[in-house]
Amino acid sequence: ELTSNGQAVTVTLNGNTYVGMAGGVEVFHLEINPATGDYTFVLNQPLDHADGMDPNDLIELQFGMLVSDSEGDSVNGFISIFVEDGVPSLSGDTASIDEDDLSLGPIVEVGTLDHNFGADGEGAVTPSGNFAATGSVDNGVLSHNGTAITVTATANGYVGVAGGVTVFTLDINPLTGQYTFTQFESLDHADNNDANDVITLTFGAEITDFDGDSDFADIVINIADSAVEFQPNGPRPDSGLETVDETDFSGGPIVETGSLNADFGADGPGTYQGIASQVPTGLVHLGVPVTVTFDVNTNSFTGMAGSTAVFTLVIDSATGDYTYTQLATLDHPDGTNHDDVLTLEFGVNAFDNEGEGVAGSIVINVRDDGPDAVNDSASVREEHTITGNVVTNDDAGADGLDVVVNVHGPNGLVQVPA
């Protein structure tokens, strides 16, 4: 049955003109000039073609005619009009997003597929059912936190689910071609050495016109990985410094605590790990070199001078909290400055749950302690001897008493024999 936009076409002959009508609307007409045989065919509305898989299938319209000469002889014939199907068109679109933005909530990307339904009129833009994940896909399987993502085509889009958790959706407006991609959870990226490696998701789309002709295109979403960052300005607590003062040894070991503040982005939670190769060097305790080692099992640094423990730094791998404990003094090079500072820098890595990491350090500034000498005085009668100890009322400080070098008396500065 010949139809136009789903309506049956009725063809009638009025004089020398064929007219095709559907639902009160003229679809086409063919007018023949009886004197010259010239004809004019006008198509006003599309015809419904049967083969939706062939955008160029043909409908043949045959119009009968009678040719007569001046003597009244006549012969029947046909005028054939071949009507080629109209074709819709669809163009793809590409968008890029960064998983760093998941820290603010779901990422929403909106775009539009350029399309034209053609002469056959509106149909729909729908998912074709074709999906592919390429690029930096971990172990070749699209996943979230180690769980494979199953991607399913819906009536108007796609949904990706990992273990009951919706990771992303894609919705397509069937009339306008506008699409909305929403990412709720992170993807597992493969390259741990590239904080911004990209996974490409390709979603197939299809346009179908009124009589079922189709065209295909892709929606491509490039998704950059979330990068691990220490905030602010590197993995340093309290704006970059912890400071201890060896003067405080009078109350026992010095303990200083802090917390690393990494931002693991969409790939959290993460972990903190000391770096064995990044330890303070050149330290000395009472003339004995200090050797600093790292124990991976306890995630701790220890400074030893011979058999004497000088300090420890213990890092909580889950929280980034750390405790620095100084058990013995360090030898400071500037003997003229009682507040001379030694800077101890310990390397630390922060890793997200994909294994991507960023390196930084914990910095401990250790202030020196100095001795405090107090004036001595005594009374004695002439031709008598008095004894005493010039250091009894002095404070040797945390470094302990070494030697008395000079004594200043009424006759000036007197050097004390070794």
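The lining of the second largest pocket has eight nonpolar residues, seven polar ones and no charged ones. The model is predicted. Its chain has 36 strands and zero helices.

- The lining is made up of 15 residues.
- Asn16, Ile32, Pro34, Met65 and Leu66 are the lining residues that lie nearest the centre of the pocket.
- Strand 7, which spans residues 58-68, gives the most to this lining. Five residues come from strand 7.

- Four strands make up an open sheet, and their order is 23-34-33-26.
- The pairing in this sheet is mixed.
- Strand 23 (242-245) and strand 26 (271-274) are the edge strands. Each of them pairs on one side only.
- From one strand to the next, the twist averages 30°.

**Where strand 23 meets strand 34**
- Strand 34 covers residues 357-367.
- Strands 23 and 34 run parallel, and four bridges join them.
- Val244 stands opposite Val366, a residue of strand 34.

**The chain as a whole**
- The chain has 418 residues, and 37% of them count as buried.
- Consider the contacts between residues at least 6 apart in sequence: 57% of these join residues at least 24 apart.

Conventions
Residues numbered from 1 in each chain as written. Predicted model: local features only at pLDDT ≥ 70, side-chain atom pairs only at ≥ 80, totals over all residues. Heavy atoms only, no water. 1 Å grid on protein atoms, 1.4 Å probe; cavity = no way out; pocket = protein on both sides within 12 Å on 5 of 7 lines; lining within 4 Å. Helix = DSSP H or I, 4+ residues; strand = E, 2+ residues; numbered from the N terminus. Nonpolar A, V, L, I, M, F, W, Y, C, P; charged D, E, K, R; others polar. Pairing = 2+ DSSP bridges. Axes fitted to C-alpha atoms, helices over the stretch in contact; angles between N-to-C directions. Buried < 20%, exposed > 50% of the residue type's maximum accessible area, 1.4 Å probe, protein only. Contact = heavy atoms within 4.5 Å.
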